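Here are my notes on this one, written as numbered points. Keep the structure open while you read.

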Amino acid sequence: MRRKHKIELNDNVKKRFYYSTDQAIEKPFNWKQMWRLLAYMKPYSKTLLPLAIITMLIATGVRLAIPIIIGKYLYDDAIAQKDMDLLTKLAIVVGALYLVSYVANAFRIRWMNMLGQKVIYDLRKHLFSHVQGLSHRFFDQRSAGSILVRIMNDINSLQELFTNGVINLLMDFILLIGIVVILFILSPELATAILIILPLMFFISTSLRRKIRRAWQDVRIKQAMLNSHLNESIQGIRVTQSFTQERENMGFFDRINSENFESWKNATRQNAIFRPFVEMTNAVGTVILIWFGAYLIQVNLTGGSSSLTVGVFISFAFYLGMFWEPISRLGQLYNMLLVGMASSERIFEFLDEKPIVDEKEDAVQIETINGEIEFKDVEFSYDSKRKALNKISLKMEAGQTVALVGHTGSGKTTIANLISRFYDATGGEVLIDGHNIKDISLKSLRSQISVVLQDTFIFSGTINDNIRFGRPTATDEEVKAAAEAVGANAFIERLKNGYETEVEERGNVLSVGERQLISFARALLADPSIIILDEATASIDTETEMQIQQALKQLLKGRTAIIIAHRLSTIREADNIIVLDHGNIMEQGNHDQLMNHEGIYYRLVKAQFTMLDVS
Ligand SMILES: Nc1ncnc2c1ncn2[C@@H]1O[C@H](COP(=O)(O)OP(=O)(O)OP(=O)(O)O)[C@@H](O)[C@H]1O
């Protein structure tokens, strides 16, 4: 059925929606990395960790003791000897031991879970706070999705390791070694015969499990691809619908969905093979126990060289039943460790990433920046191949409005990025109030610069919250005053709940222009010394723009303002207009000077007027 409906894809477009699976799901065991991970348990080494270990030791000790009591003492010494007193006492002891084991286990699980959750909480907090402090270059090189995967999925995959892995590893070793030692003490001959199944068990738990593990990994990869495709499809749904590409899109989805289906089928098939194998080995063990055990009891009863009693035989049966559990868990733990190694490697890769823009230890705090900006022979390139700025020098006096114009890619945003110190110049120096920008503390620098972009970011929360982002301590009245000053008040009041209207993440319910007005209010509230408007009015209609020109004057008053605009009508009044081309300053001056000069700016203005005339 599925195949019948398969949608054939056009050969020209088959390459779309190929998601790379460069993220290794498992890595070989690495001690150094393991110690680094375990160090996250250190804060709990005097509290939760010892508590979990003690309760684990109690529960394991009790589990190891019960079969001996039931078999050897209860059967051989009490039932066989018809000692009713002893029988009652032993029954009480067994009951009490079960109770102790139950309580110890309940606490062990509780404390282990708590320990695991706390370690994961700490690790995620550490990673997030580290990533937040990284430079723009780090984010340029990675998609938001891949960063999200590390903070969520990779840390989640370590959760199991911390909650169950570490302590279960100890417990299973103790349990296995304990069982083997006890069996040998009770009856070396029967122990030797039964332990033949151990290698078989190990073989199954390692080799079969490896296959199963691979099969489930494949499922995870296919699911991640399905997720990526869904994410991209939903985000791009408007484009898909407008180009009527739904059928092709369905074809891609169908292909990834069938791969996902096949991988599930394979994994569940592998899983199904596993169970009969386990049961078969258990059956082999039981056959050996019954056959050889019965033989040894017979030899004992007829006064031969064996000392195996029925009670010890019963204890053996119990221990045999207990064998599989730790072996199987150790196998799982091994898988968990390999997956954990890959995840922790990726987490540590981020944690080891240093912010390229770093702060000097003796960085100066500037209470109030005046806003004088100077570039001295500044060079910059995002990558080693192309220069975004070529030895440019410029000066902006405090309180001036400076406009940056030039064609797409000429370096306007790059200048703004260097002023906010999102990147460091690769040559020359950027000075603010005469200080090299690298000597100023990042907090005091950035808290006094506001950047308003064309693509403004609206966070989930109310309009109020979004404006208050500029200054969290501002009162409702101050928020409203800022909105009024930039002309945002009118549209906000028209919303259902006014300033308390909830806007979803990215502000999808607001128009692009409305979002820009909110970001103006946000910037005004922050009361910065330097304000950068990067194409900030590009999405506001001309009428609204004229309305906010006054407000903009208000916003820019007493501050150094850098305005980047393609719409030249917005920068006419700037004190200085800097014209850029391929990272070079071609001309500068005010509107009249540049118009008289009849250079690039003159031609740009003329071209825009001609376009307007035509339309
Ligand atoms: N994060 C980045 N990584 C690599 N190269 C970049 C990055 N940002 C910009 N560039 C490159 O640097 C050059 C200057 O870009 P910039 O953003 O400063 O141009 P712009 O003048 O602001 O352009 P626009 O008018 O389109 O906004 C361009 O060639 C661009 O491709």
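1. A quick definition to start: Ala, Val, Leu, Ile, Met, Phe, Trp, Tyr, Cys and Pro count as nonpolar, Asp, Glu, Lys and Arg as charged, and the others, Gly among them, as polar. On that basis, the shell around the ligand has two nonpolar, seven polar and three charged residues.

2. Before going on, remember that this is a predicted model: local features need pLDDT of at least 70, side-chain atom pairs count only at pLDDT 80 or more, and totals for chains, interfaces and linings use all residues. Numbering runs from 1 along each chain as its sequence is written.

3. Now, which residues surround the ligand? They are Asp140, Tyr382, Asp383, Ala388, Gly406, Thr408, Gly409, Ser410, Gly411, Lys412, Thr413 and Thr414. Helices (H or I, at least four residues) and strands (E, at least two) are DSSP runs, numbered from the N terminus.

4. Next, look at how two helices pack. In general, such a pair is described by the angle between the axes and the distance between them. Helix 14 (residues 476–485) and helix 16 (residues 512–526) have axes 8 Å apart, at an angle of about 120°. Axes here are lines fitted to C-alpha atoms, for helices over the stretch in contact, and angles run from 0 to 180 degrees between N-to-C directions. Helix 14 and helix 16 are therefore oblique to each other (under 35 degrees is roughly parallel, over 145 roughly antiparallel, 65 to 115 roughly perpendicular, and the rest oblique).

5. Who touches whom? Helix 14 brings Glu478, Val479, Ala482, Ala483 and Ala485 to the contact, and helix 16 brings Ala521, Leu524 and Leu525; contact means C-beta atoms, placed from the backbone, within 7 Å. By class, that makes seven nonpolar, no polar and one charged residues.

6. Most residues other than glycine have a negative phi. Check Asp527, then: its phi is positive, near 50°. Asp527 sits in the loop between helix 16 and strand 9 (530–534). Because 16 other C-beta atoms lie within 10 Å, Asp527 is partly exposed (20 or more means buried, 12 or fewer exposed, in between partly exposed, with C-beta atoms placed from the backbone).

7. Glu598 is not a glycine either, and has a positive phi of about 55°. You'll find Glu598 in the loop between helix 18 (591–597) and helix 19 (600–614). Glu598 counts as exposed because it has 10 C-beta neighbours inside 10 Å.

Terms used
A residue is near a molecule or strand if its C-beta atom, placed from the backbone, lies within 6 Å of it. Two residues are in contact if their C-beta atoms, placed from the backbone, lie within 7 Å.
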